[in-house]
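Biologist: I am new to this structure and would like a close look at a single part. Please take me through the aromatic rings.

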Amino acid sequence: MATKMAGAAMNPAKREASSLCGKLETDVEIKASAGKFHHMFAGRPHHVSKATPGKIQGCELHEGEWGKVGSIVFWNYVHDGEAKVAKERIEAVEPEKNLITFRVIEGDLLKEYKSFVITIQVTLKRGGPGSVVHWHVEYEKIDDKVAHPETFLDFCVQVSKEIDEHLLNEE
């Protein structure tokens, strides 16, 4: 697993604003197929809680259709030992690339971040069986006192591993 962190470009005129913006990325190797993993988030996110009951308690569709751009999804989850919620709008779905993007529009993350966008893309693993889940998080903190969301990325890694195990047990 590799994690990368990048801040926005350091233009002197925008130094203060850019220090609040950031990107975090990580890759997680899994044994399940890229399509099956993608489908858990795009086609049946309400089943994610079955795969990760200690981390995600539920997922409800509030508007639209599962896996469709513009749809609103509501998550109940436990992060850093606390029960939390997130209401997210699906911003992009590209089945041929096994990619889905969620923008947080309400919930606990927006107490610390002005914006929070999560992209999940799953690709075939080079040189062997399995896949690689790429998590990409773009965010803007409300102020300098807010930490970068590394623990959220750790949460995503753990969720990926539990979903992988669940998918393998379904076969």
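**Aromatic pairs**

The count comes to 10 aromatic pairs, where rings of Phe, Tyr and Trp (its six-membered ring) pair if their centres lie within 6.5 Å, and planes under 30 degrees apart count as stacked, over 60 as edge-to-face and the rest as tilted. The model is predicted, so local features need pLDDT of at least 70 and side-chain atom pairs pLDDT 80 or more, while totals for chains, interfaces and linings use all residues. Residues are numbered from 1 along each chain as its sequence is written, and side-chain values use heavy atoms, leaving out hydrogens and water.

Phe-41 belongs to helix α2 (residues 34-42) and Trp-135 to strand β8 (residues 131-141), 94 residues apart; helices (H or I, at least four residues) and strands (E, at least two) are DSSP runs, numbered from the N terminus. Both Phe-41 and Trp-135 are buried, meaning under 20% relative accessible area with a 1.4 Å probe, protein chains only.

Tyr-77 and Phe-155 make another pair: their centres are 5.7 Å apart and their planes at 50°, so the pair is tilted. Since Tyr-77 lies in strand β4 (residues 72-79) and Phe-155 in helix α4, the pair ties together parts 78 residues apart in sequence. Tyr-77 is buried, with a relative accessible area of 5%, and Phe-155 is buried at 9%. Tyr-77 and Phe-155 also belong to one aromatic cluster with Tyr-113, Phe-116, Tyr-139 and Phe-152.

Terms used
Buried < 20%, exposed > 50% of the residue type's maximum accessible area, 1.4 Å probe, protein only.
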